[in-house]
Structure formats: C-alpha cells, structure tokens
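I opened this notebook to record what I looked up in one model.

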Amino acid sequence: MARLETKYIVIHCSQTRPSMKDVDVKWIDRVHRERGWLKVGYAKVLTRKGEIQQGREDEELQAHVKDYNHISTSICLVGGAKEEDWKQGEDNFTSEQWESLKKVLEEQVIKYPKARIVGHYELDERKTCPNFNVREYLLNEDIKGYSFADSTVTDGDIQEMKDAGEL
Ligand SMILES: [Zn+2]
C-alpha cells in the first residue's frame, strides 16, 4: 500500500545491545513478523557497520510510529540499548552509522523536501527512541538541503516578532 503524504522523516533505533553486531534488516524483519506484523516495519535500516539496507519501500505505508504511519517514512539505526540492560537507552552508534545517517537524510530531503526530520520521541512522548537528541544533531550537522531553522523558532524570529510588536 502506498503512502500519499510524507510530513515526517522519523529516526528510530532498534534498541539492541551494541555487542549484537549482526542485527540487520532480516533480523528486524523476523522480530516484527513474530510480533504479528506483515514484515519489517521500517524503510531504511542502518547496520552497525553503516550498511544502508532497505526494509519496506520508502513510499510504502510503514509500521513504526503510532498515529503517524500514514504521513511518515522511517530510518532505523541498529543499537541504542545499554550493553548491561537492553531496556535502557544509550547513544552508542558507530561513526559509520552517523556517516550513513547523514547520507540517507540528504537523499530523503531531496525526495521529501517538505518533510520535517524528527526523532520517534518527538511524535510519541512515551518513547525515548532513537536515544539521542535529534534536534541537537540537526543543529550541529549540516544536512544538505535541509533547513532546521525553517521548522523551529529562532532568536532572530523572536527579535523580529518583538520588533513587529507581536510579542
Ligand atoms: Zn522508534
């Protein structure tokens, strides 16, 4: 089934231990099928080695975020759980994954120029996924073609509103 609209590019993690180096799209596919889903819920999966794998098609309706599946696509970074306790989140992604994430985001931004890049936790307050601060990441990382400032209120905007007497 195809999706009609793409308002969000949602970043996830697999919430698996960093020592589970072989987790990939096939592994996630198996887990999601065991949950009774049709197949892997994500579109892109980024392995610990930074390999970019395709789960569902980007344009396909995916299963990754409550209430927003019909207007979003997904990227899942493998890892994000503490070694000692997989239920606890941890920012432990590899440099290869950061490189791949940037690459995928720059491709997705071309594909979906109006979409906002968000972390799963921004659309579901009960989640911490992907276990790093996506806003900070976007502020620090120069994603070609994506203007983080367009989707947030900056100090400059506030000054402009004050100048215009709106604040
Ligand atoms: Zn998630």
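The entries below follow that order.

**Conventions.** I count residues from 1 along each chain as its sequence is written. The model is predicted, so I note that local features need pLDDT of at least 70, that side-chain atom pairs count only at pLDDT 80 or more, and that totals for chains, interfaces and linings use all residues.

**Sheet.** I took helices (H or I, at least four residues) and strands (E, at least two) as DSSP runs, numbered from the N terminus. I looked up the strand order and found an open sheet of five strands, E3-E2-E4-E1-E5, with mixed pairing; two strands pair if DSSP finds at least two bridges between them. E3 and E5 are the edge strands, each pairing on one side only. On average, neighbouring strands are turned by 25° against each other, direction ignored. For such angles, axes are lines fitted to C-alpha atoms, for helices over the stretch in contact, and the values run from 0 to 180 degrees between N-to-C directions.

I then checked E1 against E5: they pair in the parallel sense over four bridges. Ile9 has Ile117 in E5 as its bridge partner. I also noted that H2 lies across E1, E2, E3, E4 and E5 and runs at about 170° to E4. Contact here requires C-beta atoms, placed from the backbone, within 7 Å.

A residue is buried if 20 or more other C-beta atoms lie within 10 Å of its own, exposed if 12 or fewer, and partly exposed in between, with C-beta atoms placed from the backbone. This core has 29 residues, and Ile9, Val45, Leu46, Cys76, Leu77 and Ile117 touch the most other members. E1 gives the most to this core, with five residues. I listed the contacts of Leu46 beyond four places in sequence; among them are Ile52, Ile75, Gln97 and Leu101.

**Backbone.** Most residues other than glycine have a negative phi, and most peptide bonds are trans. I therefore recorded the departures from this pattern. A cis peptide bond joins Cys129 and Pro130, with omega about 10°. Asn131 has a positive phi near 70° and is buried, with 23 other C-beta atoms within 10 Å.

Asp67 has a positive phi of about 75° and sits in the loop between E3 (52–54) and E4. Is Asp67 buried or exposed? I found Asp67 exposed, because it has 9 C-beta neighbours inside 10 Å.

Methods:
Core = buried A, V, L, I, M, F, W, Y, C linked by C-beta atoms within 7 Å. Contact = placed C-beta atoms within 7 Å.
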